[in-house]
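Below is a short briefing on one protein model. Please look at the structure first, then read the points, which are grouped by topic.

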Amino acid sequence: MNNLLGIGELERREIEELLALAESFEGIDLREVKKVPALRGRTVLNLFMEPSTRTRSSFELAAKRLSADVLNFSAAGSSVEKGESFKDTVLTLSAQGPDLIVVRAPWAGAAELVARWSGAKVVNAGDGGHEHPTQALVDLYALKRRMGRLEGLSVWVVGDIAHSRVARSLLIALQKVGARATVCGPPTLIPPAVEALGADVSYTLAGLQEADVVYALRLQRERMAELPLPSLREYAACYQIDGGRLAPGQLLCHAGPVNRGVEVDGRVVDLPQSAVLDQVRAGLAVRMAVIYALLAGGRERAAVQAVGGVA
Ligand code: CP
């Protein structure tokens, strides 16, 4: 794997290998010294042009667990605020020799541009409304953990599909692993070509009971010129996942951040059938696996196998 720009680049076998690698890394978190020397001397640059809590912290921690040096860059407080362009920012930071750049930006295609401009390997940590491939891997990992399988699962993705990179990557990933996807939301928030991603479409929650997994999506208001809905109150009345709509055996997922009281009733987020924090926990092991798969050569693999970090 040279870069990870979109989940479609990965074959099913590669996805399964990454999930197995992530599982082998979980044990490191249980040790007193939560570190393996796999990537000593390597540098990971977290280049974040957009806000993030989960993705950024888990990439930072993942790289540190693997003993890489980590450089964290945020647009806020940098020379971007003095007018420096994205390209010049990438060229400047690349001149400091990172081995891997983890990039989040508000523009679709930004990660691909970074891969063109820099000699470093690149992971897309979310580019506009386009893709968030490591979130899809995290979701598959958490789903497999909680449901015991991926093949044949029925996953309803409910909410703002149109502006969601999480949904796009997830739908591609679900199709690859043999799960069934249904997208549900108001017509203004369902993109016209969504069936091409292998999803059925529903404009109401009437059939929700057939789902094994209910995946709620936030309204991505940062990508909307105006709210394509009559009101938030009406949206919540029709699509909010609450205790009356979520059946006892169904798993609730959400990539976060959650807007409690809008796409989900806050009380269901805290139920045992919610996987929201499992998804966060999975983020560390999965991102360790992605960084390791991109950066570890034979020497590093042997070193980490020697300390039992990889099966
Ligand atoms: N799920 C996700 O990408 O969350 P953050 O924006 O907090 O990284």
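D242 is partly exposed, with a relative accessible area of 22%. The model described here is a predicted one.

- D242 is placed in the loop between helix 7 (232-239) and strand 9 (251-253).
- The value of 22% makes D242 partly exposed, because buried means under 20% relative accessible area and exposed means over 50%.
- Leaving out residues up to four places away in sequence, D242 touches D265 and V268.
- The side chain of D242 also reaches the backbone nitrogen of R245, at 2.9 Å.
- D242 and M288 are 46 residues apart along the chain, and their C-alpha atoms are separated by 34 Å.

**Q250, in the loop between helix 7 and strand 9**

- Q250 lies in the loop between helix 7 and strand 9.
- Is Q250 buried or exposed? Q250 is buried, with a relative accessible area of 4%.
- A polar atom of the Q250 side chain lies 2.9 Å from the backbone oxygen of L208.
- The backbone oxygen of A211 is reached by the side chain of Q250, at 2.9 Å.
- Not counting residues up to four places away in sequence, Q250 touches L208, Q209, A211, D212, V214, R245 and Q273.

**The two domains**

- The protein is divided into domain 1, which covers 7-132 + 283-306, and domain 2, which covers 133-278.
- Between the C-alpha centres of domain 1 and domain 2 there are 26 Å.
- How many residues of domain 1 are in contact with domain 2? The contact involves 29 residues of domain 1 and 26 residues of domain 2.
- About 2400 Å² of area is buried between domain 1 and domain 2, and carbon and sulfur atoms give 59% of this area.
- I7, R12 and H132 supply 29% of the area that domain 1 buries against domain 2, which is more than any other three residues supply.

**What lies at the domain interface**

- The rule finds four salt bridges across the interface of domain 1 and domain 2.
- Across this interface there are also 15 residue pairs in polar contact, with both residues at pLDDT 80 or more.
- Sorted by class, the side of domain 1 that touches domain 2 has 11 nonpolar, eight polar and 10 charged residues.

**Salt bridges**

- Side chains of opposite charge can pair when their charged atoms come close.
- By the rule used, the count comes to 17 salt bridges.
- E151 forms a salt bridge with R12, and the closest N and O atoms of the pair are 2.7 Å apart.
- E151 lies in the loop between helix 5 (133-147) and strand 5 (154-158) and R12 lies in helix 1, so this pair ties together parts that are 139 residues apart in sequence.
- E151 is partly exposed, with a relative accessible area of 47%, and R12 is partly exposed as well, with a value of 32%.
- The side chains of E112 and R116 meet in a salt bridge, at 3.6 Å from N to O.
- E112 and R116 are separated by about one helical turn, because they are four residues apart in helix 4 (residues 110-117).
- E112 is partly exposed, at 42% relative accessible area, whereas R116 is exposed, at 63%.
- R180 forms a salt bridge with E210, and the closest N and O atoms are 3.7 Å apart.
- R180 lies in strand 6 (residues 180-184) and E210 in the loop between strand 7 (199-202) and strand 8 (213-216), so the pair ties together parts that are 30 residues apart in sequence.
- R180 is partly exposed, with a relative accessible area of 46%, and E210 counts as partly exposed at 38%.
- Salt bridges that share partners join R12, E16 and E151 into one network.

Key:
Residues numbered from 1 in each chain as written. Predicted model: local features only at pLDDT ≥ 70, side-chain atom pairs only at ≥ 80, totals over all residues. Heavy atoms only, no water. Domains from an automatic or database assignment. Contact = heavy atoms within 4.5 Å. Buried area = accessible area lost by both parts, 1.4 Å probe. Polar contact = N/O pair within 3.5 Å; in protein donor to acceptor, adjacent residues only side chain to side chain. Nonpolar A, V, L, I, M, F, W, Y, C, P; charged D, E, K, R; others polar. Helix = DSSP H or I, 4+ residues; strand = E, 2+ residues; numbered from the N terminus. Buried < 20%, exposed > 50% of the residue type's maximum accessible area, 1.4 Å probe, protein only.
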